[in-house]
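Here is a friendly walk through one protein model. Have the viewer open as you read, and pick out each residue as it comes up.

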Amino acid sequence: MGKTKKLLGVVLCCALSFAACDKGVDDGTREITSDNISGGGMEGGENDGTDVKTTGKPVDGETKDGDNGEESVNVPVVSFEILSVAETDSEGNELIQAQYPVFCVEGEGYDALAAALNVQNEVLKGQADSFLCDMRESAQWYRESVDASYQYMQKSYVYIQRCDKEFVSILVLREVEEGGAHPNNYRKVLNFFSQTGEMVKLTDIVTVDDALREKIRAGLHSNYPELEFDDSLVEQEIAEALSGEMVEWYFVDGEISISFPEGSFGFGHAEGSLGVLIPADVKE
């Protein structure tokens, strides 16, 4: 990766076999891959493709159903299963495969959230189907001309960053093998209001003002001391990205990780997607 650190349905769920999730911490400065992602994934940082159920944390003064306490709160339970689609070559050997997650929601009153995640299920399945269609010819050529044993592959990983009665925040990572020396990594961030299923914007969570822009600028300098930033360019691109909602963000244990697209601030592929952590001062 080089010396520079990168930042990288309507059905309420059927009976599945579940494993518990464990929260880690993402410092907002690393490239997110299936090997090092943290901040809400399974213990050890990698989803092995089994079904997973994640429940939300109670807020102060509340307890989940089944806990001892004076009050009980109904939080959503978001679960997922990693499925796959594949195509074979003329001899019946698997040529290309694509994984994709399917989400379910349990919890009284969270039908809108379930419907929103069901829409994403269709989008993610469509992406996997498109991968098979778009890459089939290349996969066939590579197997015939370069490596007879090589298989084009899209692996999917899911990390639940937050899941409570207010917000659900999910990272979907795709690790794609398509003939290069190293896999390519892509991610999709899904942030929802739990009660309505609507997508959450950064401006719904924090106040975007000069103080936030300065906090991000200072964070970039602190996280990447080896980079020579052009502050005038940094200030311009931060303002443009925030005003146009062109940043990726997600919850990380009481904070928000904000990352900028690769190529921001005049840097290239080697530097990757740069990012920072800021306090999650949720608006009332």
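## Buried residues, a helix and a cavity

E175 is buried, with a relative accessible area of 10% (buried means under 20% relative accessible area, exposed over 50% and partly exposed in between, using a 1.4 Å probe and protein chains only). Its place is in strand β8, and the C-alpha atoms of E175 and M153 are separated by 8.1 Å although the two residues are 22 apart along the chain. The model is predicted, so local features need pLDDT of at least 70 and side-chain atom pairs count only at pLDDT 80 or more, while totals for chains, interfaces and linings use all residues. Residues are numbered from 1 along each chain as its sequence is written, and side-chain values use heavy atoms, with hydrogens and water left out.

Another buried residue is Y224, with a relative accessible area of 0%. Y224 is found in the loop between α3 (210–223) and α4 (231–243). A polar atom of its side chain lies 3.0 Å from the backbone nitrogen of G275.

| C-alpha pair | Separation along the chain | C-alpha distance |
|---|---|---|
| E175 and M153 | 22 residues | 8.1 Å |
| Y224 and L274 | 50 residues | 8.5 Å |

Next comes helix α3. Helices (H or I, at least four residues) and strands (E, at least two) are DSSP runs, numbered from the N terminus. α3 has 14 residues and reaches 20 Å from its first C-alpha to its last, close to the 20 Å expected at 1.5 Å a residue (the expected span is 1.5 Å times one less than the number of residues). Which residues of α3 are buried? They are L212, I216, R217, G219, L220 and N223. These residues cover an arc of only 160° around the axis, which puts them on the same side of α3; the arc is that of the directions from the helix axis to the C-beta atoms. The face turned away from this buried side carries the exposed residues D210, A211 and S222.

Finally, look inside for the largest cavity, where about 30 Å³ of space lies. A cavity is a set of points on a 1 Å grid over the protein atoms alone where a 1.4 Å probe fits but cannot get out, and lining residues have an atom within 4 Å of a point. Grid points are joined across faces, edges and corners, and a volume is the space filled by probe spheres set on the points. The lining includes Q99, Y100, P101 and R174, and its largest share, three residues, comes from β6.

Conventions. 1 Å grid on protein atoms, 1.4 Å probe; cavity = no way out; pocket = protein on both sides within 12 Å on 5 of 7 lines; lining within 4 Å. Polar contact = N/O pair within 3.5 Å; in protein donor to acceptor, adjacent residues only side chain to side chain.
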